[in-house]
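The entries below follow the order in which I looked things up.

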Amino acid sequence: LTHYQAWIVSQMFGWYRLDETRKYRYGMIYTARKSGKTMFSVAVMLLLSYYDDEFDSEVYLLATTREQANQGMKYMKSIVNQSESLASRSIVRRFDIGHEINGEAILKSLAAKAESLDSLNPNGCIIDEMHAHPDLSLYNVMKSGTLARTSPMILITSTAGFNTEYPFYGMVERGKKVLMQE
C-alpha cells in the first residue's frame with residue numbers, strides 16, 4: 001500500500017462505535033487517472049468479503065461499463081489465485097468469486113444499472129468512476145440495499161471528470177467543506 005492508501009484504510013476500518021459497528025460507512029477516493037484506484041478498490045472488496053465478519057457477504061464493484069467492471073474482476077481473480085490462503089477458500093467462476101467463510105459470500109463486478117439492482121443486499125460496494133454517473137440512482141439503490149447490514153461500507157472512487165452538472169461534483173464540494181470543517 002502507498003502511504004495515502006494506508007491512511008484511507010485506517011480511516012475506513014480503524015474507527016468503531018461502542019456497539020462495535022463501523023463509525024464510517026461511506027468513503028470517497030478522488031484522485032488522478034492511473035493512480036491505482038481500481039486495484040485499491042479490489043483490495044478493499046476482498047477485505048470486506050473475507051475479513052469483515054458479515055454473514056452471507058455480498059460485495060460489488062460497480063462501473064459504468066461492462067468492460068470497466070470486468071477489469072476489476074480480472075484484478076480480483078488475479079489476487080485470489082495468487083494467494084494460497086484465499087485460493088484454497090474460494091470458488092473462482094467466470095463472473096464472480098464465492099466463498100463459504102461465513103455463510104455463502106459473493107464478490108461480483110457489475111455494469112451500473114440501478115433499476116436492476118434492487119434485490120441486492122450488499123455489505124460492501126465500490127462505485128467506480130462516480131464522475132461519469134449522471135444521477136444518484138445507483139448510489140441510492142446501493143445505499144438502501146445496505147440498510148439490513150451491521151457495518152456496511154460504500155466506497156466511491158473517481159477522477160475529476162468534466163461535467164459539473166453531474167452529482168459527483170456536489171459530493172466533492174461537500175467533501176471539501178468537511179475537510180475544512182465548515
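**Entry 1: tyrosine rings**

I started with Tyr139, which counts as buried because its relative accessibility is 13%, under the 20% cut-off. I note here that the model is predicted.

I then listed the aromatic pairs and found three in the structure. One of them joins Tyr26 and Tyr139, a tilted pair with 6.4 Å centre to centre and 50° between the planes. Tyr26 belongs to strand S1 and Tyr139 to helix H5, so this pair ties together parts that are 113 residues apart in sequence. For Tyr26 I read 41% relative accessibility, so this residue counts as partly exposed.

I also looked up Tyr50 and Tyr51. Their ring centres are 6.4 Å apart and their planes stand at 45°, so I logged the pair as tilted. Tyr50 is buried, at 5% relative accessibility, whereas Tyr51 is exposed, at 51%.

**Entry 2: the sheet**

Next I traced the strands. Seven of them form an open sheet with mixed pairing, and I wrote down the order as S1-S7-S6-S2-S5-S4-S3. Its edge strands are S1 (26-30) and S3 (90-92), each of which pairs on one side only. Neighbouring strands are turned by 15° against each other on average, direction ignored.

In general, strands of a sheet pair through backbone hydrogen bonds, either parallel or antiparallel.

**Entry 3: strand S6 and its neighbours**

Which strands did I check for pairing with S6 in the parallel sense over four bridges? One is S7 (residues 153-158), which pairs in this way with S6 (residues 124-127). The other is S2, which also pairs with S6 in the parallel sense over four bridges.

I followed the bridges residue by residue. Cys125 is the bridge partner of Tyr60 in S6, and the bridge partner of Cys125 in S7 is Ile154. For Ile126, the bridge partner in S7 is Leu155.

**Entry 4: helix H5**

I came back to H5 (residues 137-145), the helix that holds Tyr139. H5 lies across S1, S2 (58-63), S6 and S7, and runs at about 160° to S7. I recorded S6, H5 and S7 as a right-handed β-α-β unit.

**Entry 5: Asp96 and Ile91**

I ended with two residues that touch each other. Asp96 sits in strand S4 (residues 96-99). Its relative accessibility is 11%, so Asp96 counts as buried. The side chain of Asp96 makes a polar contact with the side chain of Arg93, at 2.6 Å. Not counting residues up to four places away in sequence, Asp96 touches Met73, Ile91, Ile106, Leu107 and Lys108.

Ile91 has its place in strand S3. At 42% relative accessibility, Ile91 counts as partly exposed. With neighbours within four places in sequence left aside, I listed Asp96, Ile97 and Gly98 as contacts of Ile91.

Terms used
Residues numbered from 1 in each chain as written. Predicted model: local features only at pLDDT ≥ 70, side-chain atom pairs only at ≥ 80, totals over all residues. Heavy atoms only, no water. Pairing = 2+ DSSP bridges. Helix = DSSP H or I, 4+ residues; strand = E, 2+ residues; numbered from the N terminus. Axes fitted to C-alpha atoms, helices over the stretch in contact; angles between N-to-C directions. Contact = heavy atoms within 4.5 Å. Buried < 20%, exposed > 50% of the residue type's maximum accessible area, 1.4 Å probe, protein only. Polar contact = N/O pair within 3.5 Å; in protein donor to acceptor, adjacent residues only side chain to side chain. Right-handed = clockwise from strand over helix to strand, strands pointing away. Phe/Tyr/Trp six-rings, centres within 6.5 Å; stacked < 30°, edge-to-face > 60°.
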